[in-house]
Amino acid sequence: MSTPKIKATVEEMVLPFLQENGFELVDVEYVKEGSNWFLRVFVDKDGGIDIDDCGRISEYLSEKLDADDPIPSAYFLEVSSPGAERPLKKAEDVAKAVGKDVFVTTYEPVEGLKEFEGRLLSFDNYELVIAVGKKNYAIPYNKVASARLAIIF
């Protein structure tokens, strides 16, 4: 089974449980590091997620994965918080980040730059406006390669 198919299968398995229990699925990764495969599930909830939450989700997902066995090779399952620099994977994640500090990379240069770190001023599903220093940059959403919250010191 391909990596995108594994990710989609895991999302289908875990989403009902997460939604029933007030959690949000942030991302699923299935990656090889060295000789080992890792299935990482990043979850969050209002007020933050704790180790007990991760344990409950891991236990539920582990049982589902053992029963359905969609992944042919051995792997390590990890369930965790996305952390302080949470990825902004969906448009709704970006919308929730308005007013916060973000780090955005683009597929191609926008005003000569491909990396932007600053305050997200607005987002309307077509364009992000980020204040970097005293300059505002309008970035078309379809040019965004990656986005995450940022901690700026």
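## Briefing: strand pairs and charged contacts

Strand β4 (residues 101–110) pairs with β5 in the antiparallel sense, over six bridges. Two strands are said to pair if DSSP finds at least two bridges between them. The model is predicted, so local features need pLDDT of at least 70 and side-chain atom pairs count only at pLDDT 80 or more, while totals for chains, interfaces and linings use all residues. Residues are numbered from 1 along each chain as its sequence is written, and side-chain values use heavy atoms, with hydrogens and water left out.

**The chain as a whole**

- The chain has three helices and eight strands, where helices (H or I, at least four residues) and strands (E, at least two) are DSSP runs numbered from the N terminus.
- Read from the N terminus, these elements follow the order α-β-β-α-β-α-β-β-β-β-β.
- The C-alpha trace spans about 55 × 30 × 30 Å along its principal axes.
- Of the 153 residues in the chain, 36% are buried; buried means under 20% relative accessible area, exposed means over 50%, and partly exposed lies in between, with a 1.4 Å probe and protein chains only.
- The accessible surface comes to about 8900 Å², and carbon and sulfur atoms hold 49% of that surface. These areas come from the Shrake-Rupley method with a 1.4 Å probe, and for residues only the protein chains shown count as cover.
- Among contacts between residues at least 6 apart in sequence, 54% join residues at least 24 apart; a contact means heavy atoms within 4.5 Å.
- There are 18 positive and 28 negative side chains, and the centres of the two sets lie 6 Å apart. Lys and Arg count as positive and Asp and Glu as negative, with His and the chain ends not counted; each charge is placed at NZ of Lys, CZ of Arg, CG of Asp or CD of Glu.

**Around strand β4**

- β4 and β5 form a hairpin with two residues between them.
- E111 sits in the loop between β4 and β5, and its phi is near 50°, a positive value in a residue other than glycine.
- β4 also pairs with strand β8 (residues 144–149), in the antiparallel sense and over five bridges.
- The bridge partner of V104 in β8 is A147.
- T105, in turn, stands opposite E115 in β5.

- E115 belongs to strand β5 (residues 113–123).
- E115 counts as exposed because its relative accessibility is 53%.
- Between E115 and T105 there are 10 residues of separation in sequence, yet their C-alpha atoms are 4.5 Å apart in space.
- Leaving out residues up to four places away in sequence, E115 touches F103, V104 and T105.
- Side chains in a regular strand alternate between the two faces of the sheet.
- N125 lies in the loop between β5 and β6 (127–132), with phi near 75°, a positive value in a residue other than glycine.
- N125 is partly exposed, because its relative accessible area is 45%.

**R40 and E33**

- R40 is placed in strand β2 (residues 36–44), while E33 lies in strand β1 (residues 24–33).
- R40 is buried, because its relative accessible area is 14%.
- E33 counts as partly exposed because its relative accessibility is 39%.
- The side chains of R40 and E33 are joined by a polar contact of 2.8 Å. A polar contact is a pair of N or O atoms within 3.5 Å; within protein, one must be able to donate a hydrogen and the other to accept it, and residues adjacent in sequence count only if both atoms are side-chain atoms.
- Not counting residues up to four places away in sequence, R40 touches D27, V28, E29, V31, E33 and E78.
- On that basis, E33 touches F38 and R40, again not counting residues up to four places away in sequence.

- D44 is a residue of strand β2.
- D44 is buried, because its relative accessible area is 16%.
- A polar contact of 3.1 Å links the side chain of D44 to the side chain of R86.
- Aside from neighbours within four places in sequence, D44 is in contact with F23, E24, V26, I49, P82 and R86.
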